[in-house]
Each structure stands twice: as C-alpha cells, then as structure tokens.
Amino acid sequence: MQNNIPEEIKRARDKFKILPGVGERSAMRNVLKLLKINKTDVIEFAHAISALTRLESCRECGIYCEADSVICKTCDDQQRIQNKTICVIESFNDYLAIENSGEYKGLYHVLGGVLNPLLNIGPKDLNIDKLKARIEKLGIEKIILAINPSLEGQATCSYLKEILGETCQIDRIGFGMPIGGSLEFLDSRTISTALFNSTRMN
C-alpha cells in the first residue's frame with residue numbers, strides 16, 4: 001500500500017516526524033492538511049522553514065539572531081546594557097516567555113541547559129565561562145537566575161551562586177509554580193510577579 005503513495009508525500013511525512021511528539025500518523029495528517037491549502041501558502045511555509053537555516057546564536061548571550069547581525073538586538077540595546085543586569089536562562093523558550101511579560105529590561109544569558117550528573121552535563125558543558133567573562137566586561141552588578149525549579153535547576157543556581165557570588169548580587173526568580181514546572185508554560189502575569197518577587201540568594 002505504501003508503494004501507491006507519491007514519494008513527495010512520503011518524504012514530507014518523514015521530515016515532519018523529526019519534530020518532537022510527531023509520530024507517523026500525525027505527520028501524515030499535517031502533510032495532507034498542507035495539500036488542501038492554497039499552493040502559495042505552502043510555498044511561503046516552505047520558505048519560512050528554509051529561512052531558519054540562516055539564523056545563528058548571538059555570540060554574546062546565545063539568543064537566536066540573523067547570521068549577519070553577529071549579536072542580537074537585545075545585546076545591542078544601550079539602555080539594557082546600562083541596566084547592568086543579566087537574566088540567566090536555560091533556553092530561547094525562556095527568553096520568549098520573559099520578554100512577553102514586558103517586565104524585564106536588562107540583558108540575557110542562555111546557559112544551554114542545567115547541571116545534570118546523570119546525563120554527564122557538567123559546568124564545562126554550559127555557557128558559564130562566557131557568563132563570567134560578560135560580567136567582567138560589562139561591569140554587571142546584578143544577576144537574576146531564571147532557571148526552572150527542578151532539582152537540577154536548583155543545583156545549577158547553587159553552583160552559580162558559589163562561583164559568582166563575589167562578583168555581583170545574585171537573585172533567584174520567585175516562582176508561582178511547583179517543582180519541575182517550566183517558565184515557557186507560565187502566563188505573562190505570573191512571570192511578571194515572579195520577576196518582581198525575585199529574592200537575593202544567601
């Protein structure tokens with residue numbers, strides 16, 4: 001039966017399957033939906049996906065930006081630089097969540113994950129050395145640790161407090177969420193409250 005399916009459909013189905021949580025059936029449903037919409041929209045969809053290959057990580061903070069920009073617009077914002085504050089996050093998803101809250105006006109730094117001995121993720125596997133270099137270069141006075149409150153996240157915050165505590169003030173974002181929750185699933189109001197209620201780590 002599979003032999004009767006056009007190769008174009010099978011190739012598109014297989015590409016959809018690389019997305020997390022997308023199995024063969026849901027991949028096929030997505031392909032069939034594309035076949036039913038306007039051909040111009042399908043072409044524009046393909047161009048939008050292709051354009052993602054032109055993005056790079058900002059050489060300063062790790063947030064995605066246009067390849068020819070070198071640094072992102074956030075790192076290039078003089079007002080944010082003058083705030084002398086860096087919000088440390090795990091991923092780009094957390095950046096989007098915090099920016100959508102409209103509460104935070106400083107810089108960011110993407111760690112790229114959290115410490116996890118079970119997965120052999122140690123300090124050298126995260127962007128910690130670059131964070132230390134940025135603190136010194138920019139004269140950062142305050143660090144906000146917006147790391148998700150998992151056990152690994154708490155361990156990461158404790159480690160960062162230990163190695164950075166002498167250089168600047170270290171605050172931990174306040175969370176209205178349970179252990180194991182994730183920033184990207186919080187609403188803007190909750191994130192605003194969490195930023196406002198950040199507390200200094202002892």
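Modeller: Start with handedness: a crossing is right-handed if the near helix is turned clockwise from the far one by less than a right angle, left-handed if anticlockwise. Here α6 and α7 cross in the right-handed sense. Helices here are DSSP runs of H or I, at least four residues, and strands are runs of E, at least two, numbered from the N terminus. This is a predicted model, where local features need pLDDT of at least 70 and side-chain atom pairs pLDDT 80 or more, while totals for chains, interfaces and linings use all residues. Residues are numbered from 1 along each chain as its sequence is written, and side-chain values use heavy atoms, without hydrogens or water.

Colleague: At what angle do α6 and α7 pack?

Modeller: Axes are lines fitted to C-alpha atoms over the stretch in contact, with angles from 0 to 180 degrees between N-to-C directions. Helix α6 (residues 128-138) packs on helix α7 (residues 151-164) at about 40°, the axes lying 12 Å apart.

Colleague: Which residues of α6 and α7 meet?

Modeller: Contact means heavy atoms within 4.5 Å. From α6 come Ile128, Leu131, Lys132 and Ile135, and they meet Tyr159, Leu160, Ile163 and Leu164 of α7. That contact splits into seven nonpolar residues, no polar and one charged.

Colleague: And at what angle do α1 and α2 pack?

Modeller: Helix α1 (residues 7-16) and helix α2 (residues 24-36) pack at about 125°, with axes 8 Å apart. So α1 is oblique to α2, and their crossing is right-handed.

Colleague: Now the side chains. Is threonine 85 buried or exposed?

Modeller: Buried means under 20% relative accessible area, exposed over 50%, and partly exposed in between (1.4 Å probe, protein chains only). Threonine 85 counts as buried because its relative accessibility is 12%. You'll find threonine 85 in strand β3 (residues 85-89). Beyond four places in sequence, its contacts include Tyr104, Leu107 and Lys142. The threonine 85 side chain also reaches the backbone oxygen of asparagine 83 at 3.1 Å.

Colleague: What joins the side chains of aspartate 171 and lysine 142?

Modeller: A polar contact of 3.4 Å, meaning an N or O pair within 3.5 Å, where one atom can donate a hydrogen and the other accept it. Aspartate 171 sits in strand β6 (residues 169-172) and is buried, at 4% relative accessible area.

Colleague: How much of the chain counts as buried?

Modeller: Of its 202 residues, 39%. The chain has eight helices and seven strands.

How values were computed:
Nonpolar A, V, L, I, M, F, W, Y, C, P; charged D, E, K, R; others polar. Parallel < 35°, antiparallel > 145°, perpendicular 65-115°, else oblique.
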